[in-house]
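Please read each of them with the coordinates open.

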Amino acid sequence: MAADAWVKTPNYDTTDVAHTQDMRRGAVPESACHLMTKGLTAMTDALHITALEQVQAPIERARGLPNAHYTDPATIAEENTAVLASTWAGLAVGADVPAPGDAVPLTFLGQPLLLLRDDAGDIRVFQNICRHRGMILVSAPRRIEGAIRCPYHSWCYARDGHLVATPHVGGPGQNSHKGIDRATLGLIEVRSHIWRDVIFVNLSGDAPGFTDTHAALLARWAEFEQPIFHGGPDSRFQLQVAANWKLAVENYCESYHLPWVHPGLNSYSRLEDHYHIQEPGAFSGQGTYVYRQLQGKDGQTFPDFNGLGRHWNRGAEYIAAFPNVLFGVHRDHSYAIILDPVAHNQTREHVHIYYATPDTDPDLRVKNAALWKGVFVEDIFVVEGMQTGRAAPGFDGGRFSPAMDGPTHLFHAWVAGRIAARRG
Ligand code: FES
Ligand SMILES: [Fe+2]
């Protein structure tokens, strides 16, 4: 595919920026702002526009999601069902379970899950509970030799999830009972799909297939559809962020904040070197035309991925695959960040960096991980600041710059649309 076919040229309109700055300088008194907010609310009511419809309005008129979507556990519980459980949410990576028998227990949206690599090398996700009395089966990461034995009454499951032993279930010395049909009592499997090493799960079990859901993203990055290799222990790290996970997405997919939040990055990758990426209903993000490869002391670089087009010589893209996975691709490495929604105001970011070959320069790898960690840490104060700001009752969801916030608005509109559709 010719790169030019899908690279969008930015079109910056600073009218609204100037207007916003005027308001900050006090050109409009606070009392007037309050009256305007009240007036808008009244107008919304009069037109019977719901808050969610207003989020989905054209960007020039749209407001962001109301505060409750960041602060109210009940609202967020409804949202989680519509936005996380009924779609393909990122859970972990294949590198978390590198060898057959590796098992990792996880909690996602309050559900106990178990990642397990079976004997054939395939990764499966199960509900981490015994079919007998619902005991948690695996409580810490470990390599399972043989079968998974429930610590309560020792029912045993093969590594593919089948129930294989039920000791004394028919009475002392009787390991079977006609009322207990082992064939129907295997571990409960959760629908999963792996792409770019990320293990996606569809908890509701009824979402359209992953490859249909993300067909546009798979097509966009078809060139990167080749083996990727996790950089190992030095290429994974976690960040704890005191904010709702959506704010991390909203920040990630726009380049507007670069000059102020990432001055180092901005010194060579300026605002005007970026373009928006917008695919309604699926993903949004930003791209740059000026990616510079990291170099070691002797000028060494990471090997490139195979057969990439010219665009990627200096191009890189950063995409939030809705709902909760942030990807970055470059000619010589890529990364995935899984946003774990630990609580309505807590997110754990799991960062994993990948390369084109299994063996890469360790010093350069460490340097690359440190570089990205520095960038992602720079984002934390704004993400957390927006979370704190959502306790202000006067905040009405805010406005979007029609020129700069398109990718962020697209995500808001997607969230609002899914909740509205669920409400019917
Ligand atoms: S709860 Fe697992 S064997 Fe009883
Ligand atoms: Fe950022």
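The points below go from the overall content of the chain to its local backbone features.

1. This is a predicted model, in which local features need pLDDT of at least 70 and side-chain atom pairs count only at pLDDT 80 or more, whereas totals for chains, interfaces and linings use all residues. Residues are numbered from 1 along each chain as its sequence is written, while chains are lettered from A and ligands numbered from 1 in the order in which they are written.

2. The secondary structure comes to twelve helices and 18 strands, where helices (H or I, at least four residues) and strands (E, at least two) are DSSP runs numbered from the N terminus. Of the 424 residues in the chain, 36% are buried; a residue is buried if 20 or more other C-beta atoms lie within 10 Å of its own, exposed if 12 or fewer, and partly exposed in between, with C-beta atoms placed from the backbone. Among contacts (C-beta atoms, placed from the backbone, within 7 Å) with a separation of 6 or more, 65% join residues 24 or more positions apart.

3. Leaving aside residues up to four places away in sequence, the contacts of Ala320 include Val249, Tyr252, Phe283, Leu326 and Phe411.

4. Does the length of helix 12 agree or disagree with its residue count? Helix 12 (residues 406–423) has 18 residues and should span 26 Å at 1.5 Å a residue, which agrees with its end C-alpha atoms being 26 Å apart; the expected span is 1.5 Å times one less than the number of residues. Its buried residues include Leu410, Phe411, Trp414 and Arg418, and what covers the buried residues includes helix 5 (73–85), helix 8 (245–252) and strand 15 (316–321). Gly424 follows the helix with a positive phi, near 80°.

5. Val190, in strand 9, counts as buried because it has 21 C-beta neighbours inside 10 Å. Apart from residues up to four places away in sequence, Val190 touches Leu113, Val125, Phe126, Gln127, Val201 and Leu203, and its C-alpha atom is separated by 7.3 Å from that of Gly205, 15 residues apart along the chain.

6. Three strands form an open antiparallel sheet in the order 6-7-8, with strand 6 (148–149) and strand 8 (163–165) as the edge strands. Two strands pair if DSSP finds at least two bridges between them; strand 6 and strand 7 (residues 156–157) pair over two bridges, and Tyr157 is the bridge partner of Ile148.

7. Some backbone values deserve a look, because most residues other than glycine have a negative phi, and most peptide bonds are trans. Leu109 has a positive phi of about 50° in the loop between strand 2 (102–108) and strand 3 (111–117), and is partly exposed, with 17 other C-beta atoms within 10 Å. Asp197 has a positive phi near 70° and lies in the loop between strand 9 (189–195) and strand 10 (198–202). The peptide bond from Phe322 to Pro323 is cis, with omega near 5°.

Key
Contact = placed C-beta atoms within 7 Å.
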